Each structure stands twice: as structure tokens, then as C-alpha cells.
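Trainee: Could we go through this model by question and answer?

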Amino acid sequence: MKSFLKVFRLVIAFIFVWPIFPMAFIGLIFYYLFYILHLKKAAIAVSRAIYYFVCWWMLTFLGGSIHVEGRENIPENSEGVIFAPNHNSICDVPLFYFGLKRFPSMMAKAELFKVPLVHGMLKSLECIKIGRKSAHGVVEAIRESEKRIREGGSLVIFPEGTRSKTGEIGTFKSGAFKVAERTGCRIVPVVLKNDRYLLESAGSFRIVPLYIKFLPPIDTSSLSPEDRKNLGPIVEKEVREEWAKYPAFK
């Protein structure tokens, strides 16, 4: 019976979720249309409004009920900051973007920039290419990230480096905060919880409560040189303690 429910829910999810692909494609078309007309700001505004709707559509029709807290902790759009969420699922990205209501830059593997359509999507989101197969590729990505932060742009990183296999929070790597260490920018820890169950536990028709909370920014410029080199444990502690306060989906 459980297997039947899982298949049935996935079929229903597919019926409602498949429109995200043409909707995302429409956002991409508008981006290039305005970009060709040398209206870059309009290209970004229109395409991201569509992407925001896509995030809501995806999370809602996969069975999620979204709870957002801590918006008052989000710095002004003109300030270069780093957002640091924990990493549960492929649904982390739409949940994060929906909760934040804006689209900071994100690092993406160089291989993804070679995929048709995906390449355009990454460009429209101003993602930063990182070539992990060479030290040069990593250094270039860090330099580009530093430049964006200093110019007032924001960046989102997942300090665990990969998705959690158990649903528990993994170790936050201090190397992920190299840009913050060098620029002295503020870091906003972000808690994401339960979105892994939208895809990974589809055996019931229950609504999944999705939690996202933006914690008070950490001012790295006020930290000692030693602490700035060990930002991983500092940010992880903030996220882990707040994450534990939210009920897990069972």
C-alpha cells in the first residue's frame, strides 16, 4: 500500500510540477530578450520575478507548507553579504530563494555551464563558475566572489559542501568562508529544515512543513584573525542550535 501511495503521489506531483520547466524557460526567454535590447536591469527583474513564482509553484505542489522567519535579519540589498544555509536537498535552492525574495549569486560547477538552457539559466542568475578539477578554477571563482562582495553583491554558499545523506547537519568547512575571511563581510546563517521530504519521502499525502529562518548576521570584521580563519564551526553552531528547535517531519 505504501508503495502505491508513493507512486500515486509522485504521479500527482508530476502533473502539477512539470510546468516549472516551461515557466523557467519563459523566464530565460525574457532575460535574453531584454538583454539583447541592452536593458540588463529589466532582464534581471523580469526573469527573477518569474523564477520566484517557479520556486513557489514547485514547493507548493510538491506538498510543502512554507514558514519563513527572521526576515528582519536580512541586510539591505546594497550590502555585500554571504548567506550560509545548511544543505538537505535539491529543494534547498528554491526554498532559499523563495524565503529571501531575491537572488544572490551562487557558485556552480563549470560542467553545468556547458549544458544547453542550463547555461542560460545560470547566466541569468549571475552564478559564478567554479572549476573544481583545477586549483586555478577554484582561485578564479574566489576572486570573482570577492569582487562581487566588494561591489555590493551577495553570495550564497552551502558550507557543508554537499547534501546531507542523513538529514542531519554536516560539518561546515571553514574553507567555504574564504571570501568572508578576505573581505570582512557579514555572514547570515540560514536554517533550512524538512524540504528533503518533498522528494525523498513521498509515501504519504501529508503536507510537509518547510522551515527557513535567517539568523542575525555575524560581523566577521569584528572577529579576531584566528576566528576569521575558523568561521566554519562558528556558523555551524548558530545553524545547528536553531535547526534543533524546529520539529522534524516524520
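This is a predicted model: local features need pLDDT of at least 70, side-chain atom pairs count only at pLDDT 80 or more; totals for chains, interfaces and linings use all residues.

Mentor: Residues are numbered from 1 along each chain as its sequence is written, and side-chain values use heavy atoms, without hydrogens and water.

Trainee: How many helices and strands does the chain have?

Mentor: Helices (H or I, at least four residues) and strands (E, at least two) are DSSP runs, numbered from the N terminus. On that basis the count is ten helices and eight strands.

Trainee: Are α2 and α3 roughly parallel or antiparallel to each other?

Mentor: Axes are lines fitted to C-alpha atoms, for helices over the stretch in contact, and angles run from 0 to 180 degrees between N-to-C directions. The axes of α2 (residues 20-36) and α3 (residues 40-61) come within 7 Å and cross at roughly 175°. Angles over 145 degrees count as roughly antiparallel. The pair is therefore roughly antiparallel.

Trainee: Which helix gives the most to the lining of the second largest pocket?

Mentor: A pocket is an open set of points on a 1 Å grid over the protein atoms alone, where a 1.4 Å probe fits, with protein on both sides within 12 Å along at least five of seven lines; lining residues have an atom within 4 Å of a point. The second largest pocket has 15 lining residues, with S105, E126, G152, G153 and S154 nearest its centre. Three lining residues come from the top contributor, helix α6 (residues 135-150).

How values were computed. Angles under 35 degrees count as roughly parallel, over 145 as roughly antiparallel, 65 to 115 as roughly perpendicular and the rest as oblique.
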